[in-house]
Amino acid sequence: MDKSFNYLISPEIIQLREFSPKLKIAILASGEGSNFQELINLSKSNRFDIDIKILITNKSAAGCISRAQNSNISYKVIKGSDYENKDYFEDEIINTIKKHDIELVVMAGWMKIMSSKFVNAFKNKIINIHPSLLPSFKGSNAIKEAIKSDSKITGCSVHFVEAEVDSGSLIMQAALSISDKDDLETITKKIHLLEHKILPLSISQAGYIIRSRFMGND
Ligand code: GRF
């Protein structure tokens, strides 16, 4: 695939902010973890002041686990089926996050809808990445639906998480065109490349907002 396709990112943030001490984050992921890996790489090479305190996954065979293992990052598998109900499952996640003194929770391919109880436990401190230009194409088949709809432009979004699925104020978006030559595979790959650009920048932006709030600067 040609990696040099045209895209547009808004807002045009180009630099990661500095955090001292490092921004403490938790990652929630259910899949391959390529976004998680991008964050690991940036952190390891000291290009981004984040401290990934823990990866939480709800899938025992998720690719993100080996990425955590390879980089000595703590991880915990918390599967819905191991708990009597969703409430207990979410309690376990909430307690795990609280134990790690987290400033920002990053949903990077987290495929589970969370209740308002969870969202309120970390109010305005959870962000999510979604593979469409929200508010279009919410839900788990966003890329497929964008292509099926004959859209000529699609992309990805990072937003603060609200109780309603794939809603909440937008932090950043990246857009790209869909040409006749594209299919699900090429668009998915291109969106992933753009996600790897906007997720770190959005974390940086969200971290700055959260720290400013904490300091009473806003
Ligand atoms: C991304 O496309 C994200 O937008 C979606 O799930 C995918 C996760 O990819 N919610 P990866 O696991 O980070 O590779």
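The charged end of K98 sits over the ring of F122, at 5.9 Å from the ring centre. Please bear in mind throughout that this is a predicted model. A second contact of this kind involves R17, which lies over the face of Y208, 3.5 Å from the centre of that ring.

I turn now to contacts between rings. How many aromatic pairs does the count give? The count comes to three. In one of them, Y83 and F89, the ring centres are 6.2 Å apart and the planes stand at 55°; planes over 60 degrees apart would count as edge-to-face and planes under 30 as stacked, so this pair is tilted. Y83 has a relative accessibility of 26% and therefore counts as partly exposed. F89, with a relative accessible area of 1%, is buried. F118 and F122 form an edge-to-face pair, with 5.6 Å from centre to centre and 65° between the planes. Are these two residues, F118 and F122, buried or exposed? Both F118 and F122 are buried.

Next, the sheet. Eight strands make up an open sheet with mixed pairing, and their order is β1-β8-β7-β6-β5-β2-β3-β4. Why is one side of β1 and of β4 left without a neighbour in the sheet? These two strands stand at the edges and have a single partner strand each, so on one side each lacks a neighbour. On average, neighbouring strands of the sheet are turned by 15° against each other, with direction ignored. One may look at Y7, whose bridge partner in β8 is L176.

α1 lies across β2, β3 and β6, and runs at about 155° to β3. Helix α3, residues 86-99, also packs on the sheet, where it touches β2, β3, β4 and β5; its direction makes about 160° with that of β3.

Finally, helix α2, which spans residues 63-70. Which of its residues are buried? They are G63, C64, I65, R67 and A68. In general, residues three or four places apart in an α-helix point the same way, because the helix has 3.6 residues a turn. The cover over the buried residues of α2 includes the strands β2, β3 and β4 together with helix α1. After α2 comes N72, which has a positive phi, near 55°.

Note on methods. Residues numbered from 1 in each chain as written. Predicted model: local features only at pLDDT ≥ 70, side-chain atom pairs only at ≥ 80, totals over all residues. Heavy atoms only, no water. Buried < 20%, exposed > 50% of the residue type's maximum accessible area, 1.4 Å probe, protein only. Helix = DSSP H or I, 4+ residues; strand = E, 2+ residues; numbered from the N terminus. Contact = heavy atoms within 4.5 Å. Pairing = 2+ DSSP bridges. Axes fitted to C-alpha atoms, helices over the stretch in contact; angles between N-to-C directions. Phe/Tyr/Trp six-rings, centres within 6.5 Å; stacked < 30°, edge-to-face > 60°. Lys NZ or Arg CZ within 6 Å of the ring centre and 35° of its normal.
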